[in-house]
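Work through the exercises below with the sequence and the model side by side, and try each task before reading its solution.

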Amino acid sequence: MTDIVVSQLSKTYPGAAPVHALDRIDLTVQAGEFVALLGPSGCGKSTLLNLIAGFESPSEGALHVGGQPVARPGPERGVVFQEAALLPWLNVWENVVFGPKVAGQPRSAYEQRARDMIEITGLSAFTKHLPVQLSGGMRQRVGIARVLTLQSKVLLMDEPFGALDAQTRLTMQELLLSVWQSLRTTVVFVTHDIDEAILLADTIYVMSARPGRIASRLTVPIERPRSLDLITGEVFNGLKREILGLMRH
Amino acid sequence: MNTNSQAQAAPARAAPAGGSGAARTARRAGLGLVVPALILIAWQIAGQAPGMAGIVPTPVRVAQAWYDWIFASPGMGLNPYLGTWLSNVQYSAMRVGQGFLLAMLLGIPLGLAIGWSRLASEMLDPMVQGLRPIPITAWLPFSIALFGIRDMGSIFLIFLGGFYAIVVNTTQGARDVDRNLVRAATMMGASSGQLLRRVVLPAAMPSIFTGLRIGLGIAWTAVIVSEMVAVKSGLGYVLWDAYYVGRMDIVLADMVSIGLMGFVSDRLIVWIERRVLVWRMLQNH
């Protein structure tokens with residue numbers, strides 16, 4: 001079953017010098033598939049994610065998620081932002097339950113789910129903390145717990161670990177692997193980190209810049225559940241060499 | 001930097017206190033009082049000089065007049081400056097309160113609308129910006145013509161004075177809302193009304209408080225100016241009236257009272273701000 005269908009999608013930012021951000025992108029994501037969009041900065045990978053999220057609208061082409069054309073942002077497509085984008089005046093619990101609350105759900109409908117998501121992201125001891133009192137990694141955990149509580153069918157992640165230090169990034173990648181292993185939602189994950197793409201994704205789309213195009217599509221032949229150990233493995237290194245070659249090209 | 005060096009210097013000089021927090025605070029407060037005290041003493045000496053008699057009252061005379069104005073029993077009604085301080089303060093404070101409340105009730109929603117909606121911005125912002133350069137004092141004759149010599153003439157001017165500061169700062173706050181916060185909230189399903197109330201308003205709150213503080217300062221200016229002309233009570237009325245009958249001691253006591261009221265009301269807003277914007281206070285540390 002396909003979940004996301006992108007066909008001949010282009011995005012141009014008008015102006016004195018128009019920016020051709022995306023050029024005729026074709027992309028299909030299956031339900032439950034973990035897809036990584038990999039490329040250098042300026043290749044349009046974040047633009048593509050913003051289009052799927054509904055934050056921006058395409059200049060040309062069509063975009064369907066779950067059979068519906070994308071018109072605006074909505075809770076069925078949860079987004080994890082690079083800088084977490086938590087509401088700074090709400091504590092962790094209030095941030096996590098913001099979605100169900102604005103949807104008018106009674107507390108009984110979301111409380112258990114929110115508690116579970118806070119539990120699996122390791123935030124149970126921090127529910128009363130404000131975002132400013134948390135480290136970057138902890139804030140990103142809240143960003144993840146928040147979209148998991150939304151029960152989005154599709155998770156869109158825009159370099160969520162890009163601003164974290166190497167140690168924290170590994171921890172967060174492990175966390176995401178284990179969460180995804182149990183929930184198996186569709187994920188589109190934007191990154192410029194080759195290791196991260198191989199470690200997490202089933203399928204990697206390598207993008208090239210100016211204009212943003214999909215250069216190639218690779219399947220990651222590593223079985224799940226995965227762990228950080230495989231970073232040093234044979235298959236991993238072979239795939240990494242191949243991608244490096246593609247990106248230098 | 002300045003406070004730092006003072007804090008470091010404190011333990012060395014105030015030897016027995018050993019640099020405890022209270023001693024440091026007292027020392028800092030004490031330093032701030034040195035120059036004003038010297039000025040008061042110089043003024044007292046100069047004012048007692050034979051040639052100066054009757055021109056400017058000495059600090060001691062002002063303090064006496066102020067004391068009587070506050071605490072003396074109103075008496076036979078011949079001297080209007082006995083025991084009438086509190087009621088005049090109340091008149092002025094009431095007018096500031098009413099005018100300022102009106103300014104908040106109109107200014108905050110209007111500022112949010114202008115800052116958030118392009119339509120509202122295009123429709124209303126040119127009018128606000130066009131009227132704003134007219135000084136509030138220039139509105140005085142029109143205000144009296146419209147409302148007569150009664151409270152509303154004064155309240156209107158106070159409203160106007162607070163209104164612009166609140167609108168302009170609220171507008172800026174609503175315009176500066178982090179785009180990612182708006183995106184995150186719409187992604188979680190917030191409607192445009194929820195966005196305004198749950199994201200734009202709280203995000204604009206620091207700017208709104210800046211507007212409130214500036215606006216309240218202008219409101220105190222407005223109440224004094226308007227009371228001099230448009231009503232027959234309050235600190236502004238007493239200020240002008242005392243000048244006319246040559247009571248410079250009361251004029252000066254009145255000036256200090258106005259300053260005190262402005263200071264206290266500003267501290268009140270800061271006190272509220274500290275409680276409402278805990279997240280912001282933590283961010284700045």
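**Exercise 1.** What percentage of the 285 residues of chain B count as buried?

*Solution.* The model is a predicted one, in which local features need pLDDT of at least 70 and side-chain atom pairs count only at pLDDT 80 or more, while totals for chains, interfaces and linings use all residues. Residues are numbered from 1 along each chain as its sequence is written, chains are lettered from A and ligands numbered from 1 in the order in which they are written, and side-chain values use heavy atoms, with hydrogens and water left out. Taking buried as under 20% relative accessible area (1.4 Å probe, protein chains only), the share in chain B comes to 39%.

**Exercise 2.** Describe the fold and the extent of chain B.

*Solution.* Begin with the elements: chain B holds 12 helices and 0 strands, where helices are DSSP runs of H or I of at least four residues and strands are runs of E of at least two. Next, the radius of gyration, taken over C-alpha atoms, is 24 Å, well over the 19 Å from the globule rule for 285 residues, so chain B is more spread out than a compact globule; the rule is 2.2 Å times the number of residues to the power 0.38. Finally, the C-alpha trace spans about 75 × 65 × 30 Å along its principal axes.

**Exercise 3.** Characterise the interface between chain A and chain B.

*Solution.* With contact meaning heavy atoms within 4.5 Å, chain A contributes 25 residues and chain B 19 residues. The buried area, which is the accessible area (1.4 Å probe) lost on putting the two parts together, summed over both, is about 2,000 Å², and carbon and sulfur atoms give 75% of it. On the side of chain A, A:Trp89, A:Phe98 and A:Val102 supply 33% of the area that this chain buries against chain B, more than any other three residues.

How values were computed:
Buried < 20%, exposed > 50% of the residue type's maximum accessible area, 1.4 Å probe, protein only.
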